[in-house]
Amino acid sequence: MRYVEEFRDPVAAKGVLAEIARVADRIGATKERPVHIMEICGGHTHAIFRYGLDKLVHGGIEFIHGPGCPVCVLPMSRVDECVELAERPGVIFCTFGDAMRVPGTRKSLIEAKAEGADIRMVYSPLDALELARRNSVREVVFFGLGFETTTPSTALSIQQAAREGLTNFTVFCNHITVPPPIKALLDDPHMVLDGFVGPGHVSMVIGTTPYDFIARDYGKPIVVAGFEPLDLLQSVLMVLEQIRDGRAEVENQYSRVVPKHGNPVSLAAIADVYETRPSFEWRGLGEIDESGLRIRDSYAAFDAEAKFGIGYGAARRVVEEPEGCACGQVMTGRIKPTQCPQYGTGCTPEMPLGALMVSSEGACAAYWQYGGLRGLEAAE
Ligand code: SF4
């Protein structure tokens, strides 16, 4: 398959691995004093483990798993609000599948569904729109969740609902943006980060210029990467080469998909439908300025917060993490999933304590899927 097989070529991979080792040695990276490279996107975390890249690269490179999993960073209070919405009489609550099993303080959406709430798993907000057309006496609420990758499709659905004059379709908007949490991590004096592998899908929408501050203001290299093994290896090499050369630049390894200035149609839809919230809570990172989106007043008829009186402000309830849960530390790269005391004992995919264990982009899910308890044994 074009653009896939050539990026999985084992001979080419060996060559890039050898070059990575050469540059890593040159800059003095060792297991004891590694270069810390954060892969921001949860999709990259899973690709790294699926292809065993963490084991194949030079021992002086340490992957730090970033907060780029939208399900994982959703605060528990918002999961509770989803459940409250879904349990309202007459509501059909629509969500992507990987949010179904995320624990709330009382229950997850899948537990609410088992108890009788009408919760439907959808593949697109357009599926929710179709449900609204077919169920005019019901309120259809779509759980808008995700980074800039999914934000445009939700915006386009709202625009379509407005065009059709639908009165029973709303979005519970939890869309968030990637650059602010990167800034928050870079401002954290306890974080040790030498460079970034930037998100591919998000960048397809926003382009590469929103990352300029990382190189300009913080002096860190960032390389936007694709999702095949050679994409990731080449991106790691490009980060290392910048470090070797004393450069800090925004580079685009994924240029076959990511345009420098993003996708103008998607960006126009985002600008039309949403505005930036003053701040938004991120699980494990707390409130981050201008990191979340809300639906503009001009589309208030399609805003579940406005229609159902939920709101997001200073008076909102902040929910503490369950005792023993180390999701925040994992999500900020302070510890590895296997270092969480709950990994594989109090937290498994069947009985999750945190979202990272059940989201398809969660770091704990990646460790479990590709290592399971073996990862725990290796860490001991
Ligand atoms: S193992 Fe469970 S509780 Fe621990 S960090 Fe991962 S998801 Fe959170």
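Is C82 buried or exposed? Select C82: with 0% relative accessibility, this cysteine counts as buried (buried is under 20% relative accessible area, exposed is over 50%, and partly exposed is in between, using a 1.4 Å probe and protein chains only). Before going on, know that this is a predicted model, where local features need pLDDT of at least 70 and side-chain atom pairs count only at pLDDT 80 or more, while totals for chains, interfaces and linings use all residues. Residues are numbered from 1 along each chain as its sequence is written, and side-chain values use heavy atoms, leaving out hydrogens and water.

**Cysteines**

Now pick C69 and C72. A disulfide (a pair of cysteine sulfur atoms within 2.5 Å) joins them, with 2.3 Å from S to S. A disulfide is a covalent bond between the sulfur atoms of two cysteines. A search of the whole structure turns up 1 disulfide. Look along the S-S bond of C69 and C72: the angle about it is 70°, and the link is right-handed. Both C69 and C72 are buried.

**Helix α1**

Next, select residues 10–26, which form helix α1 (helices are DSSP runs of H or I with at least four residues, strands are runs of E with at least two, and both are numbered from the N terminus). Color A13, V16, L17, I20, V23 and A24, the buried residues of α1. Seen down the helix axis, the buried residues fall within an arc of 130° (taken from the directions from the axis to the C-beta atoms), so they line one face of α1. On the other side, V11, K14, D25 and R26 are exposed.

At the N-terminal end, D9 caps α1, with a side-chain oxygen 3.0 Å from the backbone nitrogen of V11. After α1 comes G28, with a positive phi near 80°.

**H58**

Finally, where is H58? Find H58 in the loop between α3 (53–56) and β2 (61–68). H58 is buried, with a relative accessible area of 17%. The H58 side chain reaches the backbone nitrogen of G60 at 2.8 Å. Leaving aside neighbours within four places in sequence, H58 is in contact (heavy atoms within 4.5 Å) with I20, A21, A24, D25 and A29.

Methods
Polar contact = N/O pair within 3.5 Å; in protein donor to acceptor, adjacent residues only side chain to side chain. Expected span 1.5 Å × (residues − 1).
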